[in-house]
Amino acid sequence: MYSGADVIKVEENTRGDDTRSWHPPAAPIIGDAPAPSLPPESAYFLTANRNKRSITVNLKRPEGLEIVYKLIKEADVLVENYIPGKLASMGLGWEDCKKINPRLIYASITGYGQTGPYSKAAGYDVIIEGEAGLMHITGEPDGPPCKVGVAVTDVATGLYTHGAIMAALLSRQQTGKGVWVDANLFDSQIAGLANIASNYLISGQEAKRHGTAHPSIVPYQVFPCKDGFLMIGAGNDRQFKLLAENILQRPELADDPKFSTNGARVANRTEIVQIITDTLMQHERDHWLEKFSGLGVPFGPINNIKQTFEHPQAIARGVTVEVDHPRAGKVKMVAPAVTYNGKRMPVERPPPYLSQHTTEVGIGFARAWV
């Protein structure tokens with residue numbers, strides 16, 4: 001089965017990618033591991049660098065630049081995340097690279113994009129979450145703004161860039177010419193505001209924090225029970241009727257003018273949320289999971305990470321994969337999320353240790369990276 005691109009990660013020649021130093025946690029180093037002077041492999045780096053090769057190149061030396069030029073000449077795609085103008089000053093900007101390879105897809109990922117008054121500013125997920133509206137709508141109504149539990153802006157920008165690269169490759173098939181892709185955290189996060197952005201643009205109404213609740217649908221939030229929490233999403237009147245009859249044991253609520261339509265439930269949010277909470281607090285989580293099962297009302301438990309990986313569906317889908325790492329031994333990782341013709345793309349290369357493939361990739365240029 002086709003296993004994807006040959007990805008060569010070009011790293012700074014003394015410490016490499018910053019995420020290599022983001023530990024603990026890190027995978028323990030096995031005995032007789034190669035590159036003993038290197039620090040342990042951080043869990044953060046491991047999660048984002050499977051199926052890649054690592055080379056280190058000193059871009060301040062002409063010999064180092066020459067290696068990169070040779071790679072560019074043969075490459076389909078170059079991905080970079082320097083501040084706008086930095087690579088151009090080194091002879092590796094879009095205009096430089098397309099002269100070497102007119103068919104190159106050149107993808108730039110920055111904090112704020114190639115233009116505008118903030119273009120030269122560095123971008124970080126947590127800063128952009130705040131600056132582009134996400135933190136304002138995340139958290140409890142009476143609490144401070146909160147960041148999301150993972151670097152969701154980084155992840156979204158990567159996915160937008162991935163889609164843009166695929167589109168650029170299709171464009172190249174038709175035109176024979178390369179494309180410069182300008183992706184950035186700021187634009188991606190604003191696009192990721194989705195319906196919240198549309199609500200503001202259409203109505204001019206400022207968004208608020210709703211915790212786990214939905215501003216336009218009730219009930220649609222996390223509810224406590226005796227020993228945990230459940231997410232319930234009765235997104236229409238039919239589902240609310242099922243909830244009232246089978247869970248709350250109060251069928252009259254579905255005909256009550258205060259709750260019979262979603263708009264009415266939004267207007268009387270506090271009251272219906274309290275009714276549901278009072279009912280669910282009478283029993284443990286497993287009791288309610290059984291009651292909801294097959295009912296036709298969207299629901300789910302709030303699982304911790306251990307429970308997530310022990311979930312029967314996670315096990316059945318094979319969401320983890322184990323790889324043999326030359327310095328860390330057997331390392332368990334999250335598998336690629338998508339299957340092709342019923343099979344997951346294999347992880348054929350473990351995440352590389354720093355400079356692992358420099359000689360392999362740069363044969364004949366062994367002095368260019370020192």
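Gln 189 sits in helix α7 (residues 185-192), where helices (H or I, at least four residues) and strands (E, at least two) are DSSP runs numbered from the N terminus. This is a predicted model, so local features need pLDDT of at least 70 and side-chain atom pairs count only at pLDDT 80 or more, while totals for chains, interfaces and linings use all residues. Residues are numbered from 1 along each chain as its sequence is written, and side-chain values use heavy atoms, leaving out hydrogens and water.

Gln 189 is buried at 6% relative accessible area (buried: under 20%, exposed: over 50%, partly exposed in between; 1.4 Å probe, protein chains only). Setting aside neighbours within four places in sequence, Gln 189 is in contact with Ile 128, Ala 132, Leu 134 and Thr 153 (contact: heavy atoms within 4.5 Å).

Now the sheet: three strands form an open, parallel one in the order β5-β6-β7 (strands pair if DSSP finds at least two bridges between them). Six bridges join β6 to β7, with Tyr 106 partnered by Trp 180 of β7.

| Strand | Residues |
|---|---|
| β5 | 77-80 |
| β6 | 105-110 |
| β7 | 179-184 |

β5 and β7 stand at the edges with a single partner strand each, so one side of each has no neighbour in the sheet. Helix α6 (residues 152-175) lies across β5, β6 and β7, at about 160 degrees to β6 (axes are lines fitted to C-alpha atoms, for helices over the stretch in contact; angles run from 0 to 180 degrees between N-to-C directions).

As for α9 (residues 237-246), its buried residues include Phe 240 and Leu 243. Among what covers the buried residues of α9 are β9 (228-233) and α11 (269-280).
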